[in-house]
Amino acid sequence: MSLNTARLDRFLAQYCQISRRDVRLMLAKNRVLVDGRIAHDIDEIIDNFSHIVLDGQVIQDNASHYIMLHKPVGVVSATQDSEHKTVLDLLCLSEYSYKEQLHIVGRLDLNTSGLLLLTNDSRWSERLTLPEKKVSKRYLVTLKNKLTPEYIAAFANGMYFDYEDITTKAAKLTILSDYQAEVELTEGRYHQIKRMFGRFRNPVIALHRCSIGNLQLDEQLRAGESRVLNHDEIENINNI
Ligand code: URA
């Protein structure tokens, strides 16, 4: 859900079909609560996640939702697709009745697995995706050919992509074994990891996202499984 904001008096005037003068009287009589506090200011700005109560009746309660999914290979990071199963298809309606409201926070390629976040709170997803926030994403990469120490400097120095006319930001590559590396990126260019290893003519055999910021993929979740984020996990992103 994108964030819509409005002045409280406009919202109430429209909802109750009354004049803004009458809204003023309503507030003076302490009849309205916004997020649990008595509202006094006609010009208070509310949004579609504000909890609004009038005379003890909830008149707006749009809860925000945050989900982590272990995306399997072969499922597309989209809400609709004519060819492939989508990540939304993996969420069952009985558990996530609001699933049609969700959007994806930072897509993964069809053949990439791992941590994928979904939410209906666009303010929260912006915090994770704004380039200036430089939120790190860690990937486990399995390669066809042997890694060499040269890769480390090449990833750290950045690579020029002429198609977009950009140089990638410094990325941290750690060699885990002859054919496996961990790569940490702070941006998400199109097929970025595959293209970076492509410079060494080294095809990526498997790619798995392990974490976004300090949020790790829950090890209990098997491919295709999901769960809602807990309070601390949501707040950690808010404090980025
Ligand atoms: N880099 C890629 O090449 N693919 C992804 O899905 C993520 C990062």
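Axes are lines fitted to C-alpha atoms, for helices over the stretch in contact, and angles run from 0 to 180 degrees between N-to-C directions. The model is predicted: local features need pLDDT of at least 70 and side-chain atom pairs pLDDT 80 or more, while totals for chains, interfaces and linings use all residues. Residues are numbered from 1 along each chain as its sequence is written, and side-chain values use heavy atoms, without hydrogens and water. Helices (H or I, at least four residues) and strands (E, at least two) are DSSP runs numbered from the N terminus. The axes of α3 and helix α6 (residues 231-238) come within 9 Å and cross at roughly 60 degrees. W124, R127 and L128 of α3 make the contact with I234, I237 and N238 of α6 (contact means heavy atoms within 4.5 Å). Four of the contact residues are nonpolar, one is polar and one is charged (Ala, Val, Leu, Ile, Met, Phe, Trp, Tyr, Cys and Pro count as nonpolar, Asp, Glu, Lys and Arg as charged, the others, Gly among them, as polar).

Helix α1 covers residues 8-16 and helix α2 residues 20-28. From α1, the residues L8, D9, R10, L12, A13 and C16 take part in the contact. On the α2 side they meet R20, V23, M26 and L27. The residues of this contact divide into seven nonpolar and three charged, with no polar residue.

**A four-stranded open sheet has the order β3-β2-β5-β6.** The pairing in this sheet is antiparallel (two strands pair if DSSP finds at least two bridges between them). β3 (37-38) and β6 (57-60) are the edge strands; each has a single partner strand, so one side of each is left without a neighbour in the sheet. Strand β2 (residues 32-34) is joined to β3 by two bridges, and L33 stands opposite I38 in β3. Helix α1 lies across β2, β5 (52-54) and β6, and runs at about 110 degrees to β6.

**β5 and β6 form a hairpin.** Three bridges hold the antiparallel pairing of β5 and β6. L54 has Q57 as its bridge partner in β6. Two residues lie between the strands, and D55 in the turn has a positive phi of about 50 degrees.

**Strand β15 pairs with β9, β10 and β16.** With strand β9 (residues 112-119), β15 pairs in the parallel sense over three bridges; G114 has R209 in β15 as its bridge partner. With β10, β15 pairs in the antiparallel sense over seven bridges, and the partner of R138 in β15 is S211. Strand β16 (residues 215-216) is antiparallel to β15, with two bridges, and I212 is partnered by L215 in β16. β15 and β16 form a hairpin with two residues between the strands, where G213 takes a positive phi near 55 degrees.

**The largest pocket holds about 560 Å³ of space.** A pocket is an open set of points on a 1 Å grid over the protein atoms alone, where a 1.4 Å probe fits, with protein on both sides within 12 Å along at least five of seven lines; lining residues have an atom within 4 Å of a point. Its volume is the space filled by probe spheres set on the points, which are joined across faces, edges and corners. Of the 28 lining residues, R107, Y139, E187, G188 and R189 are the closest to the pocket centre. At least two lining residues come from each of α3 (122-129), β10 (137-143), α5 (192-198) and β15 (204-212). The lining is made of 12 nonpolar, seven polar and nine charged residues.
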